[in-house]
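Here are my notes on the model you sent. Please keep the structure open while you read, and check each point against it.

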Amino acid sequence: MIQPANRSAWPIRRADPSTGPITCATCGCRLKVDAFEESWRHFPGSAGRDARGCRVECVGLAHDAHGLAFVGHTAG
């Protein structure tokens with residue numbers, strides 16, 4: 001996937017769980033629900049990247065309903 005050099009050009013929509021999918025507040029990637037932990041995570045990809053190929057620090061972290069990562073809460 002070709003990604004723009006300037007990530008600030010991507011509009012990151014504020015997550016609203018009542019009206020649509022949850023997206024990461026850091027990179028804008030769509031997140032999947034983790035029903036066991038009542039949280040959201042990036043779709044899995046290769047090591048250190050999500051399914052879109054993004055390399056963001058929160059790729060292995062659980063996220064809340066607003067797309068914000070829980071610091072220090074890694075994938076089990």
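1. Start with one term. A contact means heavy atoms within 4.5 Å. By that rule Gly45 touches Asp50 and Ala51, leaving aside residues up to four places away in sequence.

2. Know what you are looking at. This is a predicted model, where local features need pLDDT of at least 70, side-chain atom pairs count only at pLDDT 80 or more, and totals for chains, interfaces and linings use all residues. Residues are numbered from 1 along each chain as its sequence is written, and side-chain values use heavy atoms, with hydrogens and water left out.

3. Now the overall plan. The protein chain has 0 helices and 4 strands. Both are DSSP runs numbered from the N terminus: helices are H or I with at least four residues, strands are E with at least two. Read along the sequence, the pattern is β-β-β-β.

4. How much of the chain is buried? Of its 76 residues, 28% are buried. Buried means under 20% relative accessible area, exposed means over 50%, and partly exposed lies in between (1.4 Å probe, protein chains only). The accessible surface of the chain is about 5100 Å², and carbon and sulfur atoms hold 58% of it. These areas come from the Shrake-Rupley method with a 1.4 Å probe; for residues, only the protein chains shown count as cover.

5. Strand β1 covers residues 31-34. Strand β2 covers residues 39-42, runs antiparallel to β1 and is joined to β1 by 4 bridges. Two strands pair if DSSP finds at least two bridges between them. In this hairpin, 4 residues lie between the strands, and Glu38 takes a positive phi near 55°.

6. Asp34 sits in β1, and its bridge partner in β2 is Ser39. Its contacts, not counting residues up to four places away in sequence, are Ser39, Trp40 and Arg41. Asp34 counts as buried because its relative accessibility is 16%.

7. How many salt bridges does a search of the whole structure find? The search finds 1. A salt bridge is a side-chain nitrogen of Lys or Arg within 4 Å of a carboxyl oxygen of Asp or Glu. Here the side chains of Arg41 and Asp34 meet, at 3.0 Å from N to O. Both residues are buried.

8. Turn to the nonpolar core. Such a core is a set of buried Ala, Val, Leu, Ile, Met, Phe, Trp, Tyr and Cys residues joined through side-chain atoms within 4.5 Å. The largest one has 10 residues, among them Ile22, Leu31, Trp40, Val56 and Leu61. Leu31 touches Ile22, Cys24, Trp40 and His63, among others. In soluble globular proteins, nonpolar side chains tend to be buried together.

9. Check the cysteines. A disulfide is a pair of cysteine sulfur atoms within 2.5 Å. By this rule the count comes to 0 disulfides. Cys29 is in none; the nearest cysteine sulfur, in Cys27, is 3.3 Å away. Cys29 is buried at 1% relative accessibility, and Cys58 is buried at 4%.

10. Finally, return to Gly45. Gly45 lies in the loop between β2 and β3 (61-63). At 44% relative accessibility, Gly45 is partly exposed. Gly45 and Val59 are 14 residues apart in sequence, and their C-alpha atoms are 9.3 Å apart.
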